[in-house]
Amino acid sequence: MAEHIVTSYEDELKFIIRRISEMGGQAERMVEQAVSALMRSDWGLAQSVVADDLLLDAVQREVDERAIRTIAKRQPMAIDLREIVGAIRISNDLERIGDLAKNPAKRVIAVHEHTQPMQLVRGIEHLADLALDQLKQVLDAYATRDETQALAVRDGDEAIDAVYTSIFRELLTYMMEDPRNITACTHLLFSAKNIERIGDHATNIAETVYYIKTGEQMSAERPKSDVTASLAHSDLTTPPPPGAAGE
Amino acid sequence: MMENIQATLNRDPAVQAAKPIKMKSRNVTVHYGAKQALNGISLDIPEHQVTALIGPSGCGKSTYLRCLNRMNDTIDAAKVAGEILLDGQDVYDPDIDVVELRARVGMVFQKPNPFPKSIYENVVYGPKIHGLAHSKQDLDEVVQTSLRKAGLWNEVKDRLDEPGTGLSGGQQQRLCIARAIAVSPEVILMDEPCSALDPIATATVEELIDELRENYTIVIVTHSMQQAARVSQLTAMFHLGDLAESGPTEKMFSNPDDKRTQDYITGRFG
């Protein structure tokens, strides 16, 4: 697309867009490090994730201020308006992703004070891989303004929800087997939920990318596979039939 | 639940039934001597709506506006072809009375141009020459109604005998609108009515345009994108004598189809 006649306007827009890309990179790194800290009981790494979150918050506030200043100064229209509103929304989602990465990092000590079999955290690692992949893809979609990839990310959230549901079942089973697992498993359950929420924010970003590019809202029908909210006790005591997790 | 949401959405004033067409133009071309200024414009202007004409300078939007009440007749070199219908009647029909046409399709110009007469005389001038009012009482009533509709009555009611040119810019423009309203037009054409006004006077005139829409069909040429977005329901984008795109204002300013519209409203070419 042609550049704006007013170059300072062009610069302001580019600045905001560049900041979003930087925030994306940082949020991605924080999620990676938080999960790695959880896997390896690395308290030092966990602390650096917590510290990084402050930076991410600061950048988010900067994007907000810049965006509002640009709206006030330039009264953007059409694609420019969508870019700016999109930047505000995406920076908000990325800031939340930072918070959600920080949370499992803070639980590193609590989880590892209580010894638990390694397989307990394996599921979470898998969940985090899926969420990170979604995040990477949606940041790519933002960088290239690719609405098809944005749609793929939205549809990909189903897999994360399904894995979360199976982790939920698994952790409850461990807790029922041995009450000494309860503390660690509860922390892990919260961590799993946080990672699952990261996937939801990736979906939000995908919806925003789609809106920026097309000017239309993504259709409302969204696959939903996190069924833990409706799971009954009986669902947990009898093992689910094969493939039921993805229903 | 979904039905409730739908019902709420339907209450949105933006979701409205289509209005009947007041003015219809088909393949309108204008030549100024050898130079072609309009290359076949086809546009429908719906009743009781504000239609904004936007586009860079020299794109033909004012030329098109002036075709609608045959103001171009006053320019010798201008040749208009194509069809312009007002309520289905061709305004370029040789039998049509141009003076009467201009009473039905009134015009407000860029710079307020009150006659060098009293405020009262400015308003009654039209009704007098069109024979719309005879007695003093009729004229008094026309003055009051027109000035009220133009939102000027309270400001000038005690000094109707003072010259119209003594008013402030914004008041003068509202006086010109009152003068246009006085002959009970059906359509009001406005050629950049706020470009010579300060932001407060502009806001007053914009508020007025929104109120006038209830009784009149309005076509406005404006260079201010924000003004077009604020006051109009339909927007037509002109470019180098062509109609680039026309459609609901909300869509034109949030997600236009034509690249020329996109580039113009976002300030990518001028």
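**View 1. Strands β1(B) and β4(B) run antiparallel, joined by eight bridges.** Strand β1 covers residues 21–32 of chain B and β4 covers residues 78–86 of that chain. Look for Y32(B), which stands opposite A78(B) in β4(B). A word on terms: strands pair if DSSP finds at least two bridges between them; helices (H or I, at least four residues) and strands (E, at least two) are DSSP runs, numbered from the N terminus. This is a predicted model, in which local features need pLDDT of at least 70 and side-chain atom pairs count only at pLDDT 80 or more, while totals for chains, interfaces and linings use all residues. Residues are numbered from 1 along each chain as its sequence is written, and chains are lettered from A and ligands numbered from 1 in the order in which they are written.

**View 2. β4(B) and β5(B) form a hairpin.** Two residues lie between the strands, and D87(B) in the turn has a positive phi of about 50°. β5 (residues 89–90) runs antiparallel to β4(B), with two bridges joining them. Here L85(B) has D90(B) as its bridge partner.

**View 3. Six strands of chain B make an open sheet with mixed pairing.** Follow the order β6-β7-β8-β3-β9-β10. β6 (105–108) and β10 (242–248) stand at the edges with a single partner strand each, so one side of each has no neighbour in the sheet. On average, neighbouring strands are turned by 20° against each other, direction ignored; axes are lines fitted to C-alpha atoms, for helices over the stretch in contact, and angles run from 0 to 180 degrees between N-to-C directions. Within the sheet, β3 (residues 50–54) and β9 (residues 234–239) of chain B pair in the parallel sense over four bridges, and I54(B) has M237(B) as its bridge partner in β9(B).

**View 4. Helix α7(B) lies across β6 and β7 of chain B.** The helix spans residues 169–182 and runs at about 170° to β6(B).

**View 5. Chain B meets chain A.** Here 14 residues of chain B are in contact (C-beta atoms, placed from the backbone, within 7 Å) with 13 residues of chain A. On the chain B side, α9 (225–231), α10 (249–254) and α11 (259–265) each supply at least two residues, and α11(B) gives the largest share, three residues.

Conventions
Contact = placed C-beta atoms within 7 Å.
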